[in-house]
Amino acid sequence: MTISTRNGANVGRIAPAVDPVGILERQQARESAARTYARTLPIVPVRAQGSVIHGADGRTYLDCLSGAGTLALGHNHPDVVRAITDTLASGAPLHTLDLATPEKDAFTEELRGCLPSGLGDDVKLHFCGPSGADAVEAAIKLAQTATGNHTILAFTGGYHGMTAGALAVTGNVAVKSPLPPGGSVVRLPFPHPYRCPFGVGSGPTRTAGPDGVELSLRYIERLLDDPLGGVTSPAGLIVEAVQGEGGVVPAPDHWLRAIREITRRRGIPLILDEVQTGVGRTGRLWATQHSGIAPDILVMSKAIGGGLPMAVIAYRAELDGWAPGAHTGTFRGNQLAMVAGTATLRRVRADRLDEQAGRLGARLLAGLVDIAREYSQVGDVRGRGLMLGAEIVDPSGPADTVGARPADPRLAAAVRSECLRRGLIVELGGRHSAVVRLLPPLTITPDQVERALSILADAIGAAVRSHPDLHVDESGRGIR
Ligand SMILES: Cc1ncc(COP(=O)(O)O)c(C=O)c1O
């Protein structure tokens, strides 16, 4: 084994035991055209620990994707591994439908002990099929059943999953277009300072005049109360406290509080999708805690299963109008996910990893701000806790009314590739896939944070210099 350091990246070498090229070629030939990460991150992971993945190519990678935000404790955390191996050794049944088990009982106890206050002491849980999308489906059906209404209110930029109902409330036009409409959904404007739906900005991007956050609230209230507004009585409103796939857009706390008020006054159940933000990622255990509001239905998946598939909704008891079997699924009793989830929640709470995510996220964000000062191709940086994004733009393109330049997806893709070449795994998201996203484990170390920043800065520089429409000035900065 040799260890070499290149471009600030610690590129460890381990003896390859498998042929990565053959594996990748077979995957490309045999798997569907819909595969995603496999296209843009052509690596074959063989071992992993914490924030580091070892590839079959003999290299090590700093993982700032962590299973799309799933691995709160990183790869193979000892607590999670112990919980799983102990359960396997105990002879406990691994598949139990929705039967009661000691493992499920312990998980339920742990989860109930840390849910946002305000959901009520008699909060109900429903274990769903193991994906976030299935939990979103469950939340929508629960709200529809409880209210007798069908229409769901959802936001521009929102992402809630790929099954029919979840896709209907998702904003992504490209994936929706080939399919029939998935239900009665009314789209509302999510406040976005940089890609402002009203073109006026908010917070630091607002120059003068109206504020995008205020306009969003005013529009929503007036629309809901307009007898000619076209919105039939809503069954629920679904929202993310920080839009993740939509390009890392935090909802302002005061906006979320106002949304809570608007829904409460009209008897509309508020569904908070914390599939990606939950379990400490944004600097609080639940992102909703930043604003202090409590939803009526909380949707959880990803980190809640400690890296194994699990999805749960928690909701106010008075919504529990479901008949037996109203939302079933064969895989609702994943015992290994339950023990892994219990171990994860305990470790996050014991070590205050949510607060650590807040601190490390602040450092990461400050580093991104510095990079944005250096490169005009980084149009905006934003996020909360360890859920961060840098939007890559064409600085020579026309500025919109907020001053935002056109997205540059090609350059963003080049940045991702240059990161990977240097041993850093990041993904893209947001409009036109132009936002470089950072979602490291909450256990990432301060040194690893610095390394991620230095690789990212290097990678952006390299991508800018090799971008086809660019030439480089004397200082080495890319200009068009
Ligand atoms: C906010 C949010 N909701 C729902 C989902 C869907 O989860 P899954 O991919 O497990 O179906 C995701 C996935 O990224 C998500 O980020």
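This is a predicted model: local features need pLDDT of at least 70, side-chain atom pairs count only at pLDDT 80 or more; totals for chains, interfaces and linings use all residues.
Visitor: How many helices and strands does the chain have?
Guide: Happy to start there, with the secondary structure of the chain. The tally comes to 15 helices and 21 strands.

Visitor: Why is the chain described as being as compact as a globular protein of its length?
Guide: Along its principal axes, the C-alpha trace spans about 65 × 65 × 45 Å. For 480 residues the globule rule gives 23 Å. The chain is as compact as a globular protein of that length because its radius of gyration is close to that value, at 22 Å.

Visitor: Which helix gives the most to the shell around the ligand?
Guide: The ligand is surrounded by 15 residues, and S131, G132, A133, G161 and V275 are the closest. By class, the shell has five nonpolar, seven polar and three charged residues. The helix that gives the most, with three residues, covers residues 132–147 and is α6.

Visitor: How are α13 and α15 oriented to each other, and why?
Guide: Helix α13 covers residues 353–374 and helix α15 covers residues 446–466, with their axes 10 Å apart. They pack at an angle of about 20°, and angles under 35 degrees count as roughly parallel. The two helices α13 and α15 are therefore roughly parallel to each other.

Visitor: Which residues of α15 does α13 meet?
Guide: The crossing of this pair, α13 and α15, is right-handed. From α13, the residues involved are L360, R363, L364, G367 and I371. Their partners in α15 are P446, V449, L453, L456, A457 and I460.

Visitor: What classes of residue make up the contact of α13 with α15?
Guide: L364 of α13 and L453 of α15 are among the residues that meet there. Sorted by class, the contact has nine nonpolar, one polar and one charged residues.

Visitor: Which residues of α10 make the contact with α9?
Guide: Helix α9 (residues 212–225) and helix α10 (residues 253–266) have axes that come within 10 Å and cross at roughly 10°, so the pair is roughly parallel. On the α9 side, V213, S216, L217, I220, E221 and L224 take part. On the α10 side, the residues are W255, A258, I262 and R266.

Visitor: What is the handedness of the crossing where α4 passes α12?
Guide: The axes of α4 (residues 78–90) and α12 (residues 335–350) come within 8 Å and cross at roughly 145°. D79, V80, A83, I84 and T87 of α4 meet residues of α12, including Q335, L336, V339 and R347. As for its handedness, the crossing of α4 and α12 is right-handed.

Notes:
Residues are numbered from 1 along each chain as its sequence is written. A residue is near a molecule or strand if its C-beta atom, placed from the backbone, lies within 6 Å of it. Helices (H or I, at least four residues) and strands (E, at least two) are DSSP runs, numbered from the N terminus. Ala, Val, Leu, Ile, Met, Phe, Trp, Tyr, Cys and Pro count as nonpolar, Asp, Glu, Lys and Arg as charged, and the others, Gly among them, as polar. Axes are lines fitted to C-alpha atoms, for helices over the stretch in contact, and angles run from 0 to 180 degrees between N-to-C directions. Angles under 35 degrees count as roughly parallel, over 145 as roughly antiparallel, 65 to 115 as roughly perpendicular and the rest as oblique. A crossing is left-handed if the near helix is turned anticlockwise from the far one by less than a right angle, and right-handed if clockwise. Two residues are in contact if their C-beta atoms, placed from the backbone, lie within 7 Å. The radius of gyration is taken over C-alpha atoms; the globule rule is 2.2 Å times the number of residues to the power 0.38.
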